[in-house]
Amino acid sequence: GDDPLSRAVNVLGEVRSPGRIPVAGPTRLLEGLARAGGNNSEGDLGEVRVLHEGPGYTLTTRYDVETV
């Protein structure tokens with residue numbers, strides 16, 4: 001169901017600990033990256049992408065978190 005305690009985000013790519021991270025509600029991008037251990041030596045914080053998936057679509061947004 002839509003139990004808030006079962007919500008999670010998947011942090012993938014060039015982070016130290018990629019995987020599924022439980023979230024209880026809205027989560028800031030930098031918090032998600034931090035909870036995944038931050039970027040590794042190959043990670044480019046100027047090219048972070050967030051994917052939102054819905055029925056029949058995927059929306060991709062690029063962020064430059066070096067300038068945050």
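Student: What does the secondary structure of the protein come to?

Tutor: Bearing in mind that this is a predicted model, the secondary structure comes to one helix and four strands.

Student: And what pattern do they follow along the sequence?

Tutor: Read along the sequence, the pattern is β-β-α-β-β, and the C-alpha trace of the protein spans about 35 × 25 × 20 Å along its principal axes.

Student: What share of the residues is buried?

Tutor: Of the 68 residues in the protein, 18% are buried. As for contacts with a separation of 6 or more, residues 24 or more positions apart account for 18% of them.

Student: Changing topic, how much accessible surface is there?

Tutor: The accessible surface comes to about 5,200 Å², and 50% of that belongs to carbon and sulfur atoms.

Student: How many positive and negative side chains are there?

Tutor: There are 7 positive and 10 negative side chains, with the centres of the two sets 5 Å apart.

Student: Now the pocket: what volume does the largest one have?

Tutor: The largest pocket has a volume of about 930 Å³, and 30 residues line it.

Student: Which of those lie nearest its centre?

Tutor: Those nearest the centre of the largest pocket are Asn-10, Val-11, Arg-49, Val-50 and Leu-51.

Student: Which element gives the largest share of the lining?

Tutor: That is β3, which supplies five residues of the lining, while β1 (8–11), α1 (29–35) and β3 (48–54) each supply at least two.

Note on methods: Residues numbered from 1 in each chain as written. Predicted model: local features only at pLDDT ≥ 70, side-chain atom pairs only at ≥ 80, totals over all residues. Heavy atoms only, no water. Buried < 20%, exposed > 50% of the residue type's maximum accessible area, 1.4 Å probe, protein only. Contact = heavy atoms within 4.5 Å. Areas by Shrake-Rupley, 256 points an atom, 1.4 Å probe, with all protein chains shown as cover. Lys, Arg positive; Asp, Glu negative; His and termini not counted. Charge placed at Lys NZ, Arg CZ, Asp CG, Glu CD. 1 Å grid on protein atoms, 1.4 Å probe; cavity = no way out; pocket = protein on both sides within 12 Å on 5 of 7 lines; lining within 4 Å. Points joined across faces, edges and corners; volume = space filled by probe spheres on them.
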